[in-house]
Amino acid sequence: MVDATFTPNSEDKSAWDMEGIDRSKGALGIRSHYIIRRNGDVEKGREIDEVCCTGEHQVDKESILILLVGTDKFTKAQAGAVNGLVEYLQDKFPEAGPAFMVDVDEPERTSY
């Protein structure tokens with residue numbers, strides 16, 4: 001599942017920052033497996049075999065949560081990084097279902 005951090009588009013957040021935000025909301029750690037920063041850097045969150053926190057996301061034990069930093073305007077670097085990460089994960093887990101790629105030209109947020 002690819003979603004957004006829903007933080008201001010003008011602010012970059014690291015996995016460390018997101019863990020602090022998640023803990024302040026009652027999570028026992030960072031809720032996502034990967035964070036993709038505004039410059040396209042991919043940072044590790046939870047271990048891949050750890051179930052992500054459910055919170056507002058409807059996920060199961062086989063879901064991998066990738067968060068793009070921002071709310072609704074993502075960078076080309078983020079699009080390239082998430083698309084590459086999704087391809088890597090599909091190669092690593094070939095039994096997984098199809099995933100959608102991110103298009104930075106889409107004006108509104110779309111859940112994947």
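Which backbone oxygen does the side chain of His-33 reach, and at what distance? The side chain of His-33 reaches the backbone oxygen of Glu-50 at 2.7 Å. A polar contact is a pair of N or O atoms within 3.5 Å; within protein, one must be able to donate a hydrogen and the other to accept it, and residues adjacent in sequence count only if both atoms are side-chain atoms.

The model is a predicted one, in which local features need pLDDT of at least 70, side-chain atom pairs count only at pLDDT 80 or more, and totals for chains, interfaces and linings use all residues. Residues are numbered from 1 along each chain as its sequence is written, and side-chain values use heavy atoms, with hydrogens and water left out. The pLDDT is the predictor's confidence in each residue, from 0 to 100. Its mean over the protein chain is 82, and 79% of the residues reach 70 or more. Over residues 105-112 the pLDDT is below 50, and this stretch has 14 contacts in the model beyond near neighbours in sequence.

The protein chain has two helices and four strands, arranged along the sequence as β-α-β-β-β-α. Helices (H or I, at least four residues) and strands (E, at least two) are DSSP runs, numbered from the N terminus. Of the 112 residues, 38% are buried, where buried means under 20% relative accessible area, exposed over 50%, and partly exposed in between (1.4 Å probe, protein chains only). Contact means heavy atoms within 4.5 Å. Among contacts with a separation of 6 or more, 59% are between residues 24 or more positions apart.

The largest nonpolar core has 13 residues, of which Ile-36, Ile-66 and Val-82 touch the most other members. Strand S1 (2-4), strand S2 (34-36), strand S4 (66-68) and helix H2 (76-92) each give two or more residues to this core, and H2 gives the most, with five. A second, separate core of eight residues includes Ala-15, Ile-35, Leu-65 and Leu-67. A nonpolar core is a set of buried Ala, Val, Leu, Ile, Met, Phe, Trp, Tyr and Cys residues joined through side-chain atoms within 4.5 Å.

Helix H2 has 17 residues, which at 1.5 Å a residue should span 24 Å; its end C-alpha atoms are 24 Å apart, which agrees. The expected span is 1.5 Å times one less than the number of residues. The buried residues of H2 are Gln-78, Ala-79, Ala-81, Val-82, Asn-83, Leu-85, Val-86 and Leu-89. Their cover includes S1, S2, strand S3 (42-44) and S4.

Ala-81, in helix H2, counts as buried because its relative accessibility is 15%. Not counting residues up to four places away in sequence, Ala-81 touches Ile-36, Gly-40 and Val-42. The C-alpha atoms of Ala-81 and Gly-40 are separated by 5.5 Å, although the two residues are 41 residues apart along the chain.

His-33 lies in the loop between helix H1 (15-24) and S2. His-33 is buried, with a relative accessible area of 0%. Leaving aside neighbours within four places in sequence, the residues in contact with His-33 include Glu-43, Arg-46, Glu-50, Cys-52 and Ile-64.

Asp-22 lies in helix H1 and is buried, with a relative accessible area of 4%. Apart from neighbours within four places in sequence, Asp-22 is in contact with Ala-27, Gly-29, Ile-30 and Arg-31.
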